[in-house]
Amino acid sequence: MKEIDLLNVSSNSYQEARQKLDAELEARNPNYSLPQALYNDPLMFRADMDEIFLKEWLFVGMTSEIPTKGDYFTVEIGQNPVLVVRDAEGGVQAYHNVCRHRGSVICTEHRGKVANLVCPYHQWTYDLKGNLLYAGSEMGDAFNMKEHGLKKAHTKTAGGFIFVCLGKNEPESDFDEFLETLNEYMEPYNVENTKLAVESHMYEKANWKLVIENNRECYHCAGSHPELLNTLLEWDDTNDPRAPQDFLDHYAAQAAAWNAEGIPHEHKSFGPGKRNRIVRMPLKKGVEVMTLDGQKGCEKLLGRIQNRQLGSMRILHLPNSWNHMQSDHFIVFRVLPISAQETMVTTKWFVHKDAVEGVDYDPARLRLVWDATNEQDRILGEQNQKGINSVGYQPGPYSETYEFGVVNFLTWYSETVRKNLKKK
């Protein structure tokens with residue numbers, strides 16, 4: 001059952017489903033996986049979209065994807081097409097990509113550059129601030145163009161990251177505190193002087209929560225991700241209860257080098273379930289970045305970075321993003337639900353803006369490790385979904401030492417959904 005089928009669901013059925021969702025989340029064991037319906041029921045999925053993806057801050061992309069006036073990219077958030085554009089003053093704006101005439105999508109390409117935003121249906125024209133400039137004489141003298149500008153989405157940027165919120169009001173949270181820290185921790189990378197090197201879009205037949213749960217633990221890594229484990233140390237941070245002494249010693253040596261270069265690295269987290277989290281972690285000894293052999297991915301280092309063995313700064317933003325910031329390139333991940341059992345995972349690799357493809361970097365080399373890892377995770381997620389769909393499924397226990405990140409995610413999810421369900 002696709003998301004579009006939900007348009008025909010009665011309001012009474014949906015309200016009953018919302019009440020059931022609240023009751024299920026209230027009664028759930030916090031150290032167990034969720035009840036089956038929360039992973040596969042279309043009405044529960046609709047509630048997820050309404051209470052999470054239409055009310056919370058979502059990561060959509062990086063500012064360096066739209067470096068100059070008129071550059072834009074588009075993104076689909078459920079059934080909501082969104083347009084992100086650089087305006088004439090250098091600001092980043094996000095709009096519902098919907099014409100105020102008869103609702104047609106305005107920008108139909110994934111990326112582009114425009115002087116103005118022109119609807120292809122009847123050529124209604126908007127400037128980069130969303131103001132309606134032209135609607136044709138056919139609308140009559142009484143038509144007020146000022147009342148028909150594009151509808152804005154709430155937009156915030158920090159450290160080169162772009163976040164949007166499609167709700168009527170911005171959510172009340174400690175999000176601004178996280179953004180301040182993000183600005184501080186991303187300063188060494190000078191994101192405005194980077195460029196998108198390559199991107200991938202992976203369709204996964206699994207509920208979006210299963211995609212996030214898979215990312216929030218490395219319990220499965222040893223059996224599934226040989227390419228990733230060439231470079232990655234699976235410990236989550238220095239407080240990870242599994243971390244051995246040799247890892248702690250390695251971290252201490254790396255931290256001394258980071259301090260000498262003025263690179264921030266202390267673990268910072270914000271919100272319930274540590275929904276916003278930043279931590280810099282070393283990679284394996286002798287490793288520079290997450291390439292198959294662990295050696296440089298790009299000849300040019302990013303920003304003011306001098307130390308190629310910078311490790312990976314891991315940035316988590318729930319509900320839909322995790323990221324790895326390294327010395328010569330960085331990788332961002334975006335998760336967007338399609339239906340109760342379908343998700344789109346987008347991965348983007350960024351390098352210094354002056355780096356020359358084929359000379360300073362090879363896109364295929366940059367993406368090899370994470371292409372393999374994403375495909376392995378896709379298979380795991382789809383197998384997980386098939387099992388959950390069975391009449392034999394019942395919620396199972398998480399390991400408090402290996403899967404605490406999953407517990408944290410579902411804590412945030414449960415609290416956020418229940419809080420938003422109670423709002424009018």
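Buried, on this tour, means under 20% relative accessible area, exposed means over 50%, and partly exposed is in between (1.4 Å probe, protein chains only). The model is predicted, so local features need pLDDT of at least 70 and side-chain atom pairs count only at pLDDT 80 or more, while totals for chains, interfaces and linings use all residues. Residues are numbered from 1 along each chain as its sequence is written, and side-chain values use heavy atoms, with hydrogens and water left out.

Start by selecting Tyr 251 and Trp 258: both are buried. Their ring centres are 5.8 Å apart and the planes meet at 85°, so this pair is edge-to-face. (Rings of Phe, Tyr and Trp, the last by its six-membered ring, pair if their centres lie within 6.5 Å; planes under 30 degrees apart are stacked, over 60 edge-to-face, the rest tilted.)

For a charge to sit over a ring, NZ of Lys or CZ of Arg must be within 6 Å of the ring centre and within 35 degrees of the ring normal. Now try Lys 348: its charged end sits over the ring of Phe 73, 5.1 Å from the centre.

How many aromatic pairs does a search of the whole structure find? There are 20. One of them is Tyr 219 with Tyr 402, a tilted pair with 5.1 Å between centres and 45° between planes. Tyr 402 is partly exposed, at 35% relative accessibility.

Last stop: select Trp 57, Phe 59, Phe 161, Phe 163, Phe 175, Phe 178 and Phe 270, which form one aromatic cluster.
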